[in-house]
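Student: I have just opened a new structure and would like to talk it through. Could we begin with the inside and then turn to the links between side chains?

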Amino acid sequence: QVQLVESGGGLVQPGGSLRLSCAASGFAFSSYRMSWYRQPPGKERELVGSISAAGGSKNYADSVKGRFTISRDNAKNTVALQMNSLKPDDTAVYYCNMAMGLKNYWGQGTQVTVSS
């Protein structure tokens with residue numbers, strides 16, 4: 001019954017901004033760390049950032065530090081990824097993730113394309 005649904009992807013020019021959102025249901029959202037991953041075409045999936053259950057602790061990949069911000073709204077069961085100063089290398093399918101013990105749950109992904 002766990003469900004994660006990403007939205008907000010699209011085509012954006014280099015230097016632009018985009019905000020992704022993940023709507024969660026089927027579990028106690030406020031009890032779990034949430035993460036964003038991305039997978040460029042032909043490459044491995046990589047961790048973009050994560051946020052603790054209460055939102056007090058955040059981690060980011062070096063490639064996005066200073067440009068991306070992860071946040072969550074536990075009252076709305078959503079986690080967001082604000083992406084600024086986007087680069088072509090940010091082009092990827094972005095996934096919402098929740099780890100429950102050793103089991104991982106994934107959304108369907110949303111495409112982000114950064115191109116002129």
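Tutor: What follows is a conversation about the core, the disulfide and the salt bridges of this predicted model.

Student: Which residues of the largest nonpolar core touch the most other members?

Tutor: That core has 26 residues, and those touching the most other members are Leu4, Met34, Trp36, Val79, Leu81, Met83 and Tyr94. Two or more core residues come from each of strands E3 (18–25), E4 (34–39), E5 (46–51), E7 (68–73), E8 (78–83), E9 (92–100) and E11 (110–114).

Student: Let me pick Met34. What is Met34 in contact with, beyond its neighbours within four places in sequence?

Tutor: Setting those neighbours aside, Met34 is in contact with Leu4, Phe27, Phe29, Gly49, Ser50, Ile51, Ile70, Arg72, Val79, Cys96, Asn97 and Met98.

Student: Cys96 is in that list. Which residue does a disulfide join to Cys96?

Tutor: Cys22 is the partner, with the sulfur atoms 2.1 Å apart. The link bridges distant parts of the chain, as Cys22 lies in strand E3 and Cys96 in strand E9, 74 residues apart. The structure holds 1 disulfide.

Student: Are Cys22 and Cys96 buried or exposed?

Tutor: Both Cys22 and Cys96 are buried.

Student: And why is the disulfide called left-handed?

Tutor: The torsion about the S-S bond of Cys22 and Cys96 is about -80 degrees, and therefore the disulfide is left-handed.

Student: Changing topic: how many salt bridges are there?

Tutor: The count comes to 4. One of them pairs Glu46 with Arg38, whose closest N and O atoms are 2.6 Å apart.

Student: Which other residue forms a salt bridge with Arg38?

Tutor: Asp90 does, with the closest N and O atoms 2.9 Å apart.

Student: Where is Arg67, and what does its side chain meet in a salt bridge?

Tutor: The side chain of Arg67 meets that of Asp90, at 2.8 Å from N to O. Arg67 sits in the loop between strand E6 (58–60) and E7, 23 residues from Asp90. Through shared partners, Arg38, Glu46, Arg67 and Asp90 are joined into one network.

Student: How accessible are Glu46, Arg38, Asp90 and Arg67?

Tutor: Buried means under 20% relative accessible area. Arg38 is at 4%, so Arg38 counts as buried. Asp90, at 1%, is buried, and Arg67, at 10%, is buried as well. Glu46 has a relative accessible area of 30% and is therefore partly exposed.

Definitions and conventions
Residues are numbered from 1 along each chain as its sequence is written. This is a predicted model: local features need pLDDT of at least 70, side-chain atom pairs count only at pLDDT 80 or more; totals for chains, interfaces and linings use all residues. Side-chain values use heavy atoms; hydrogens and water are left out. A nonpolar core is a set of buried Ala, Val, Leu, Ile, Met, Phe, Trp, Tyr and Cys residues joined through side-chain atoms within 4.5 Å. Buried means under 20% relative accessible area, exposed over 50%, partly exposed in between (1.4 Å probe, protein chains only). Helices (H or I, at least four residues) and strands (E, at least two) are DSSP runs, numbered from the N terminus. Contact means heavy atoms within 4.5 Å. A disulfide is a pair of cysteine sulfur atoms within 2.5 Å.
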